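Reader: I have just opened this one and would like to be walked through it. Could you take my questions as they come?

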Amino acid sequence: MMYLTVKHMAKSYDLQVDEQMKIGELMTQLASSTGVPLTAQKLICRGKQVSLNQDTSLLQAGITNGDKIMLLGKKYDPTQEAAYKDIINIETKALLVETKYIKLCKEFEDIEKGHLSKEHIATAIKGLVKRANSHNEELHKLLASLDSVPVESDQTEIRNKRKSTATKINQIMDKNDELAEKLKNFQC
């Protein structure tokens with residue numbers, strides 16, 4: 001057994017590892033501990049860069065018991081990815097459509113309460129139906145845009161964000177469909 005101290009940013013990680021552990025295994029362990037992906041890691045021990053050959057053992061790489069290793073590299077931040085930003089943009093647009101839906105509901109509620117004279121109700125309802133249909137078209141376009149955002153299979157956080165955004169858009173569409181149906185069936 002070997003004891004190592006790995007420093008990354010302001011944090012220290014005390015590790016107990018096998019002397020025959022491969023560099024690749026150490027890097028994988030560090031990736032899960034620190035959030036720095038394998039491809040972004042650079043290891044420094046005793047002032048020299050450690051070989052990044054994944055199959056080299058720690059001893060072969062010159063790492064011994066008690067060594068301090070500095071890990072250089074940035075944590076993976078999915079919010080900085082272009083795909084994540086595209087999804088956030090689509091989500092924002094969906095929330096704007098939801099705001100329009102809420103306004104539509106309020107207008108319909110006012111009509112139901114009799115806040116509009118009877119001769120204007122048919123025209124108002126027709127306009128509300130048209131707007132509800134427009135909202136659904138807009139939401140369909142947002143879903144299509146969301147489907148076209150390229151996300152890699154290893155980008156779990158981004159895939160989850162896309163899934164939650166699709167779910168939110170579908171919920172808004174369902175509520176909007178219910179309102180459109182109520183509007184079509186409304187009797188003065």
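Predicted model: local features only at pLDDT ≥ 70, side-chain atom pairs only at ≥ 80, totals over all residues.

Reader: Is Lys 161 buried or exposed?
Author: Lys 161 counts as buried, because its relative accessibility is 18% and the cut-off for buried is under 20%.

Reader: And what does Lys 161 touch?
Author: If residues up to four places away in sequence are not counted, Lys 161 touches Tyr 84, Ile 87, Ile 88 and Glu 91.

Reader: Staying with helix 4, what about Ile 169, buried or exposed?
Author: Ile 169, which is also placed in helix 4, counts as buried, because its relative accessibility is 0%. Leaving aside neighbours within four places in sequence, Ile 169 is in contact with Ile 90, Ala 94, Leu 139, Leu 142, Leu 143 and Leu 146.

Reader: How many Å separate the C-alpha atoms of Ile 169 and Thr 5?
Author: Those two C-alpha atoms, of Ile 169 and Thr 5, are separated by 47 Å, and the two residues lie 164 residues apart along the chain.

Reader: Let me step back, then. How many helices and strands does the protein chain have?
Author: The protein chain has four helices and five strands, and read from the N terminus on, the order of its elements is β-β-α-β-β-β-α-α-α.

Reader: What does the C-alpha trace span along its principal axes?
Author: Along those axes the C-alpha trace of the protein chain spans about 90 × 25 × 25 Å. The radius of gyration of the protein chain is 28 Å, whereas a compact globule of 188 residues would have one near 16 Å.

Reader: And what share of the residues counts as buried?
Author: Of the 188 residues of the protein chain, 35% count as buried. As for contacts in the protein chain between residues at least 6 apart in sequence, 70% of them join residues at least 24 apart.

Reader: Back to the helices: at what angle do helix 2 and helix 3 pack?
Author: Helix 2, residues 82-112, packs with helix 3 at an angle of about 165 degrees, and their axes are 10 Å apart. An angle over 145 degrees counts as roughly antiparallel, so helix 2 is roughly antiparallel to helix 3. The crossing of these two helices, helix 2 and helix 3, is left-handed.

Reader: Which residues meet there, between helix 2 and helix 3?
Author: From helix 2 they include Ile 87, Ile 90, Ala 94, Val 97, Leu 104 and Phe 108, and from helix 3 they include Ile 121, Ile 125, Leu 128, Leu 139, Leu 142 and Leu 146. Taken together, the residues of the contact of helix 2 with helix 3 divide into 16 nonpolar, two polar and five charged.

Reader: How do the axes of helix 3 and helix 4 cross?
Author: The axes of helix 3, residues 118-147, and helix 4, residues 156-184, come within 9 Å and cross at roughly 160 degrees. That angle makes helix 3 roughly antiparallel to helix 4, and helix 3 passes helix 4 in a left-handed crossing. The residues of the contact of helix 3 with helix 4 divide into 14 nonpolar, seven polar and four charged.

Reader: Now helix 1. Is Thr 34 buried or exposed?
Author: Thr 34, found in helix 1, residues 23-34, is buried, with a relative accessible area of 3%. Not counting residues up to four places away in sequence, Thr 34 touches His 8, Tyr 13, Leu 71 and Lys 75. The C-alpha atoms of Thr 34 and Asn 170 are separated by 36 Å, and these residues are 136 residues apart along the chain.

Definitions and conventions
Residues numbered from 1 in each chain as written. Heavy atoms only, no water. Axes fitted to C-alpha atoms, helices over the stretch in contact; angles between N-to-C directions. Parallel < 35°, antiparallel > 145°, perpendicular 65-115°, else oblique. Left-handed = near helix turned anticlockwise from the far one by under 90°. Nonpolar A, V, L, I, M, F, W, Y, C, P; charged D, E, K, R; others polar. Rg over C-alpha atoms; globule rule 2.2 N^0.38 Å. Buried < 20%, exposed > 50% of the residue type's maximum accessible area, 1.4 Å probe, protein only. Contact = heavy atoms within 4.5 Å.
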